[in-house]
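Here is a short report on one model. Look at the sequence and the structure first, then read on.

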Amino acid sequence: MMGCGQDEPMVTVFLDETSFLATSGAVETVTYPTAKAQSPTPYTENGVTLSSAADFNNQVAALTPVFTGNVFGVSGAENVDIEFATPVFAFGLQMQDGFAVGEVVEGPCPASDSRFEFVFLSGGVLVGSTVEDPPVDEVFFVGGITNRALDKVEIREVGSAIDESVGSHCENDFFGPIYTSTSPQP
């Protein structure tokens, strides 16, 4: 959590999906109903755009049995930008830190136990951030409720041995459903 006054930007971070949904009123906004072939082209659904921050190929497909259906995966370091056409006051995401389950590819960028920094932004201004270390090969949830309308969330893989220059097929972390709320919370 960042900030302490009502006028200061702040985000309250949730790692429990049930509590986040009950508190935020967020609804499932991104479900990946249609597969997307590998390409550097961003994926957009319901005004939410996911893209690789390093222009690596990304795809939407059933890449892991940890989730039912499609997920978003990036070839290379999983640095993802999530942008909102309509600003949101709550954002939540299910994800998997793939290690042995899913399309985990050995070779130029083998699976690694990843940590992620989530940066919440409003008009380029930092509202808050958190660094989380998801358990491997299971669904992990992170969400945030803010007092400022967010237009972007940056997810950065930190402490990874993955070479940023490798662009081959190397998904090993998977991004599942996204939840948002456009209403400010009291």
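## Pocket

A pocket is found on a 1 Å grid over the protein atoms alone: it is an open set of points where a 1.4 Å probe fits, with protein on both sides within 12 Å along at least five of seven lines. Lining residues have an atom within 4 Å of a point. Grid points are joined across faces, edges and corners, and a volume is the space filled by probe spheres set on the points.

The largest pocket holds about 210 Å³ of space. Ten residues line the largest pocket, and M10, T146, N147, Q185 and P186 are the closest to its centre. Strands (E in DSSP, runs of at least two residues, numbered from the N terminus) contribute here: β1 (11-14) and β11 (139-158) each give two or more residues to the lining. The largest share, three residues, comes from β11.

## Basis of the model

This is a predicted model; local features need pLDDT of at least 70, side-chain atom pairs count only at pLDDT 80 or more, and totals for chains, interfaces and linings use all residues. Residues are numbered from 1 along each chain as its sequence is written, and side-chain values use heavy atoms, with hydrogens and water left out.

## Hairpin

Strands β9 (residues 115-122) and β10 (residues 125-132) pair in the antiparallel sense over seven bridges. Pairing requires at least two DSSP bridges between two strands. L121 stands opposite L126 in β10. Two residues separate β9 and β10 in this hairpin. In the turn, G123 has a positive phi of about 60 degrees.

## V74

V74 sits in strand β7 (residues 71-74). V74 and N57 are 17 residues apart in sequence and 6.0 Å apart in space, C-alpha to C-alpha.

Terms used: Helix = DSSP H or I, 4+ residues; strand = E, 2+ residues; numbered from the N terminus.
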